[in-house]
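Please examine the structure below with its sequence at hand. The paragraphs that follow lead through it one region at a time.

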Amino acid sequence: MALTPAVSVAQDVEVTEVDDVVVEARRSGAPTWEVTRGGSTLLLVGAIQALPKSLEWRPDALERAAERSDRVLYSHAANVSPADIVRLIWRSGTLTRMPRGKTSADYLSPEWTQRLTALDALTRDDLMRQSFLMTRSELLLGFTRLNRGQGPSVEDAVRRTTRRGRTPSQRIADVRGDEVIEDLLTMPPESWVTCIELSIVAAEAGEPGMLERAAAWRRFDVPAVMESPLEIALTECWPWGDPEWGALLRSQWLAGAEGALAQDGTTLAIVPLRVLAEPNGLLDTLEARGFEIIGPVWKR
């Protein structure tokens, strides 16, 4: 049946609007992939933790893409109650210190103990006696300067627009704060060993390694980001490296992508890059299911 002029014009306008959103998203300087099914378009924006302020990218283009999208999906957030905070303070010793009479050397091999000791000499903290949770934070945040001089994140840029334009938006899922705290309180030091070893490598790469990871992200060199010591450590450490938590968080993103592709219109999703580009990650899964994916190369 031939389309009436009114219907034809309406479809042309809709296609143009979708194309405009896609173009703006790709101009943003953030690696973005387009997945379509019927009248549904899903834009997957790969985000990394803590972009340095010195990194120049185009949040304005991403803001325009968000403004023209029908809905926006953000990553997980933990719902922490006042009771959770009190419990955390009450049990703070468990989270900050090694078990009585133990040091990192009781769990790490002599080689890794020596490398940690070399880093210990560069900081005021006693890395050998504090808990592995605290050591991981010091290695990944302190030595790499990941938490210093941060610029606007991908989510910051999009959230400003969704609030201003009242674009429908939601978290992919909420995480209960009491479950997070319980998991951290009960994790034995042995379960942190791989994370600490990888964090030591990231700390040895230091700030230059962090800056190179960010530069690779801006130039859409996704494999280089995924192969950086810092990204490897962040992927393998809690929560993403935890068998239960990691599987849960990833499955929620897969369900969210499938739900978005079942709705008409354009969905802009801010997804951790590791969830998208890791082996058997979200992009691999969607590709294996027959979806055409348009965007940067994500694997070598």
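The largest pocket is lined by 35 residues, and those nearest its centre are Gln49, Ser75, His76, Trp240 and Arg274. A pocket here is an open set of points on a 1 Å grid over the protein atoms alone, where a 1.4 Å probe fits, with protein on both sides within 12 Å along at least five of seven lines; lining residues have an atom within 4 Å of a point. The model is a predicted one, in which local features need pLDDT of at least 70 and side-chain atom pairs count only at pLDDT 80 or more, while totals for chains, interfaces and linings use all residues. Residues are numbered from 1 along each chain as its sequence is written, and side-chain values use heavy atoms, with hydrogens and water left out.

The space in the largest pocket is about 960 Å³, a volume being the space filled by probe spheres set on the grid points, which are joined across faces, edges and corners. Its lining divides into 22 nonpolar, seven polar and six charged residues. In this division Ala, Val, Leu, Ile, Met, Phe, Trp, Tyr, Cys and Pro count as nonpolar, Asp, Glu, Lys and Arg as charged, and the others, Gly among them, as polar.

The largest share of this lining, four residues, comes from α6. Helices (H or I, at least four residues) and strands (E, at least two) are DSSP runs, numbered from the N terminus. Helix α6 comprises residues 132–143 and reaches 15 Å from its first C-alpha to its last, close to the expected 16 Å; the expected span is 1.5 Å times one less than the number of residues. Nine of the twelve residues of α6 are buried, among them Phe132, Arg136 and Phe143. Buried means under 20% relative accessible area, exposed over 50%, and partly exposed in between (1.4 Å probe, protein chains only).

A disulfide, defined as a pair of cysteine sulfur atoms within 2.5 Å, joins Cys195 to Cys237, with an S to S distance of 1.9 Å. Cys195 lies in helix α9 and Cys237 in the loop between α11 and α12, so the pair ties together parts that are 42 residues apart in sequence. Both Cys195 and Cys237 are buried. The loop between α11 and α12 also holds Pro239, which is joined to Trp238 by a cis peptide bond with omega of about 5 degrees.

Most residues other than glycine have a negative phi, and most peptide bonds are trans. Ala50, however, has a positive phi near 65 degrees, and this residue is buried, with a relative accessible area of 12%.
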